Amino acid sequence: MKRLLFCFVALIAVFFSADSAFCAENNVNQIFKSANSFYQEAKYDQAILEYEKVINQGLESGNLYYNLANCYFKEGELGKAVLNYERAKTLMPADSDLKSNYDYARSLLNLGSNEFYGKHWVRSLDRLFSAWDINSLTISLSLLWAIVFLALILGLFFEKVKRASKVILPLTAVLFLALFISFNRKITYLNNSAVVISQEAQSRFEPLESATTYFTLGQGSLVEVIETTPSWAKIRRPDGKIGWINQSSLSLVFGEK
């Protein structure tokens with residue numbers, strides 16, 4: 001009897017849990033539809049509020065960030081537009097409309113290169129794999145690892161495979177290394193990149209308001225965050241210059257929004 005009662009209570013708990021999840025999902029869908037309606041009606045300030053509600057519910061997608069970026073662009077907040085274009089790019093890097101809008105927003109802000117620092121060949125790899133997202137790189141690395149493992153195993157039993165492996169394995173190793181470097185760079189970007197959202201940000205030699213200004217960053221500038229304090233962020237520009245700026249001037253591409 002006790003076991004039957006326990007099963008009944010568990011069943012009721014699962015039912016209400018599933019019902020709550022369904023209601024939450026339905027609520028998010030309603031907010032998203034509302035945001036799209038505001039966007040189509042050119043009520044961009046209201047659309048921004050609704051899109052951000054969806055994001056705060058834990059939903060993320062390339063199209064969601066793309067629409068949000070377009071709203072900020074229409075409202076003249078170009079720093080936040082670039083920020084959300086950057087977020088959209090990490091989820092759908094090959095989208096041509098996104099690339100066009102992103103490049104146009106950056107051109108209006110007279111921004112230069114958005115490539116992270118590094119040697120020329122490393123930045124060439126960034127460009128080569130710019131249309132690949134993290135999932136694509138992960139799958140490709142896994143497949144290459146499986147090919148190497150399979151070739152080594154079959155080479156123990158088949159002489160032809162062993163001879164072919166002498167050519168295939170070095171080429172595979174080079175491709176694997178290139179993909180791994182690109183994968184590592186993208187992970188670094190996801191964890192550490194940020195965009196300046198204020199009109200301009202003074203970068204100083206030390207994390208003090210009284211410190212000497214080293215350089216100035218314009219709205220929409222992409223930087224890498226190296227270190228943080230409660231009020232300051234130590235950042236690196238794409239050209240490698242390092243300085244301290246107030247944290248209120250920038251927002252991480254991913255992390256706390």
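Trainee: Which helices are included in what covers the buried residues of α5?
Mentor: The cover includes α3 (62–74) and α4. Helices here are DSSP runs of H or I with at least four residues, strands are E runs of at least two, and both are numbered from the N terminus. Contact means heavy atoms within 4.5 Å. Buried means under 20% relative accessible area, exposed over 50%, partly exposed in between, using a 1.4 Å probe and protein chains only.

Trainee: Where does this model come from?
Mentor: It's a predicted model: local features need pLDDT of at least 70, side-chain atom pairs count only at pLDDT 80 or more, and totals for chains, interfaces and linings use all residues. Residues are numbered from 1 along each chain as its sequence is written, and side-chain values use heavy atoms, leaving out hydrogens and water.

Trainee: OK, which residues of α5 are buried?
Mentor: Leu98, Tyr102, Ala105 and Arg106. Down the helix axis they fall within an arc of 95°, so they line one face of α5. That arc is taken from the directions from the axis to the C-beta atoms.

Trainee: Switching to α4, how many of its residues are buried?
Mentor: 11 of the 14, so α4 is largely enclosed by the rest of the structure. Its buried residues include Leu83, Asn84 and Tyr85.

Trainee: What covers them?
Mentor: The cover includes α3, α5, α8 (159–192), β1 (193–196), β4 (222–228) and β7 (250–252).

Trainee: And what does asparagine 84 touch, beyond its neighbours within four places in sequence?
Mentor: Asparagine 84 is in contact with Tyr65, Leu68, Ala69 and Tyr72. Its relative accessible area is 2%.
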